[in-house]
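Subject: The structure we talked about

Hi there,

Here is the structure I promised to send over. Please have it open while you read, and my notes on it follow below.

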Amino acid sequence: MFGSLWFLSLAFTPWLISQAIDRGLHPHKVEALVFWCLAVLVTGVASAGLGIMRHRSMTKLRLAAALRTADLVMTQATRLGAALPRRVTAGEVVTIGISDVWTIGRAMNVGGVGVASIVAYTTIAILLDRTSPKLALVVLIGVPVLALTVAPLLRRTQRAGSRYREHQGHLNARLVDVLGGLRILNGLGGKQIHEQRYERQSAALRDQGYRVGGPSSWIGALGEGLPVVFLAVVVWMAARLAATGEITVGQLIAVYGYTAMLVIPVNVLIFCGFDTVHGLVAARRVTNFLRLPSDSPAGASFDGPATLADPESGVVAEPGRFTALAGNSPQDAGAIVDRLGRYGPTRATWGGRPLADFALPEVRKRILVADQDADLFAGTLREVVAGRDEPGDDRVRAAIDTAVAQDVATDLGREIEWRGRNLSGGQRQRVRLARAVHADPEMLLTVEPTSAVDAHTESAIAERLVAAREGRGTVVATTSPVLLDRAEVVHYLVDGRVAATGTHRSLLLEEPGYRALVTRVFGEQE
């Protein structure tokens with residue numbers, strides 16, 4: 001509304017000026033001149049106010065659209081939870097949150113200023129038709145010609161922009177990975193290699209940006225230049241009509257004003273196309289992210305512990321028992337844990353019913369996957385271990401003791417940096433384990449929880465973890481003989497399926513493959 005009224009005030013101003021000239025200035029009528037001049041003044045003041053309101057409303061709409069999109073992205077990221085890194089890279093999420101949401105917000109303005117520009121274009125065409133049908137015809141034909149001139153460039157921009165946006169997401173993902181592992185890279189001497197690799201990919205992205213900038217710069221040049229050429233043609237025709245007496249001097253000035261004002265909506269329409277193209281590229285990335293399945297039906301529920309089973313692998317995890325998964329491929333064991341924890345499509349059952357039928361909040365509350373890549377948020381040690389629960393010192397200390405993480409700090413108020421950057425790899429692993437133990441889920445699923453600790457610490461963790469989880473279900477994917485010996489049930493995996501089930505000692509006697517696996521791991525540990 002504000003945009004349309006603002007454009008209309010601009011469109012009517014030349015007509016008012018023409019009336020002041022033809023009715024007041026030319027016939028030397030002071031009263032008429034003063035009246036029309038006052039009308040121009042009032043319209044100018046109204047135009048200024050409408051312009052302010054138009055800009056304010058456009059800014060409000062742009063910010064509201066961007067922030068609402070950001071809220072949707074954040075809600076989806078929260079809904080996906082620990083499944084997020086499995087579905088999309090961190091760089092893609094960063095690019096969506098920093099770049100795409102604002103591009104979408106800018107594109108949302110197209111609706112307001114686009115409609116207003118069309119209203120202004122139609123109004124000027126009507127006013128020109130009252131002055132000279134020939135000039136009105138030139139305007140009506142000229143604007144579509146301008147649009148057809150720019151259209152191929154818009155299509156090229158969209159194609160190049162889509163490729164650029166995809167490469168940008170990949171590059172940001174690498175940047176996030178490098179920054180997250182900078183301390184490790186420094187320790188291994190690999191910082192320079194990753195820096196050079198990042199520079200090569202950044203240069204490739206820059207070159208891709210040039211390919212986007214080529215048609216974009218032409219759109220900018222044509223958007224500014226073509227309307228001016230169009231203005232010159234219309235003014236030249238109007239001047240010839242004035243010279244032959246077909247239109248008055250006031251009408252000539254009005255035609256100039258109409259056409260000069262028409263440059264604004266024509267320019268706006270061209271850049272609306274530009275913003276729409278970029279907005280569509282950004283919106284496609286956002287909607288693809290929002291379409292990622294969260295696996296969150298309203299679903300069934302039941303009380304009490306229940307058996308988890310994965311028919312794809314044959315793994316069964318009984319409530320209240322300590323179960324271990326041992327196999328040559330950590331990826332196979334991790335995939336089984338993901339299916340049992342419902343991170344992605346799964347045919348796993350819970351209490352004999354499809355796990356996918358249960359409400360995801362209940363699954364997350366009762367079945368916890370302690371991922372070794374899970375983030376540690378910044379905060380005190382007390383807050384990090386307590387997670388979403390209210391931190392009670394006794395319970396936090398008990399969880400830290402179970403994970404043998406006392407060396408992290410004697411003071412629970414010690415500040416832990418984001419992702420545990422001020423901790424060693426073994427300390428981060430044990431803090432994650434302490435957080436999982438503190439949560440005390442009905443069923444705890446974890447992969448290699450002691451891979452970064454020494455044999456003495458591992459033995460202590462195995463003993464304390466079994467005691468702490470007594471009466472609760474626990475599934476540990478591991479090849480550690482220390483943990484396997486503590487397990488009540490061990491599933492020996494071959495190619496992602498259960499080849500044998502028993503205790504650690506019985507499998508050592510009966511399964512040569514299992515014996516070779518454990519002996520190899522034991523030798524490596526020694």
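Let me start with strand β6 (residues 367-370), which runs parallel to β9 and is joined to it by 4 bridges. Strands here, like helices, are DSSP runs numbered from the N terminus (helices are H or I of at least four residues, strands are E of at least two), and two strands pair if DSSP finds at least two bridges between them. Leu-368 has Leu-444 of β9 as its bridge partner.

Before going on, a word on where this comes from: it is a predicted model, in which local features need pLDDT of at least 70 and side-chain atom pairs count only at pLDDT 80 or more, while totals for chains, interfaces and linings use all residues. Residues are numbered from 1 along each chain as its sequence is written, and side-chain values use heavy atoms, with hydrogens and water left out.

β9 (residues 443-447) is mostly covered, with 4 of its 5 residues buried; buried means under 20% relative accessible area, exposed means over 50%, and partly exposed is in between (1.4 Å probe, protein chains only). β9 also pairs with strand β10 (residues 473-477), in the parallel sense and over 5 bridges, and there Met-443 stands opposite Gly-473. β10 is in turn joined to β3 by 4 bridges, again in a parallel run, with Leu-325 opposite Ala-477.

Put together, 6 strands make an open sheet of mixed pairing, in the order β6-β9-β10-β3-β11-β12. β6 and β12 (497-502) are at the edges with a single partner strand each, so one side of each has no neighbour in the sheet. On average, neighbouring strands of this sheet are turned by 20 degrees against each other, direction ignored.

Which strands does α9 lie across? They include β3, β6, β9, β10 and β11, and α9 runs at about 155 degrees to β9. Axes are lines fitted to C-alpha atoms, for helices over the stretch in contact, and angles run from 0 to 180 degrees between N-to-C directions. Helix α9 (residues 330-340) also lies across β1 and β2, at about 130 degrees to β1. Among the buried residues of α9 are Ala-333, Ile-336, Val-337 and Leu-340. Arg-342 follows α9 and has a positive phi, near 60 degrees.

β1 and β2 belong to an open sheet of 4 strands, with antiparallel pairing and the order β2-β1-β4-β5. Its edge strands, each pairing on one side only, are β2 (315-317) and β5 (353-354). Strand β1 (residues 308-310) and strand β4 (residues 349-350) run antiparallel and are joined by 2 bridges, and Leu-308 has Trp-350 as its bridge partner in β4.

**The nonpolar cores**

A nonpolar core is a set of buried Ala, Val, Leu, Ile, Met, Phe, Trp, Tyr and Cys residues joined through side-chain atoms within 4.5 Å. The largest one has 39 residues, and those touching the most other members include Leu-381, Val-385, Ile-400 and Tyr-514. Among the elements that give two or more residues to this core are β3 (322-327), α12 (393-402), α13 (425-439) and β11 (489-494). Leaving out residues up to four places away in sequence, Ile-400 touches Leu-381, Val-385, Ala-405, Gln-406, Leu-412 and Ala-434; contact means heavy atoms within 4.5 Å. A second, separate core of 26 residues includes Trp-6, Leu-50, Ile-124 and Val-139.

**The helices**

Helix α1 (residues 2-25) packs on helix α8 (residues 249-290) at an angle of about 170 degrees, with the axes 7 Å apart. That makes the two roughly antiparallel (under 35 degrees counts as roughly parallel, over 145 as roughly antiparallel, 65 to 115 as roughly perpendicular and the rest as oblique). Phe-7, Leu-10 and Trp-15 are among the α1 residues in the contact, and Tyr-258, Met-261 and Ile-264 are among those of α8.

Beyond neighbours within four places in sequence, Thr-69 is in contact with Val-101, Ile-104 and Val-286. Met-58 is also found in α2 and is buried, at 19% relative accessible area. Its contacts, again leaving aside neighbours within four places, are Asn-109 and Val-113.

Best wishes
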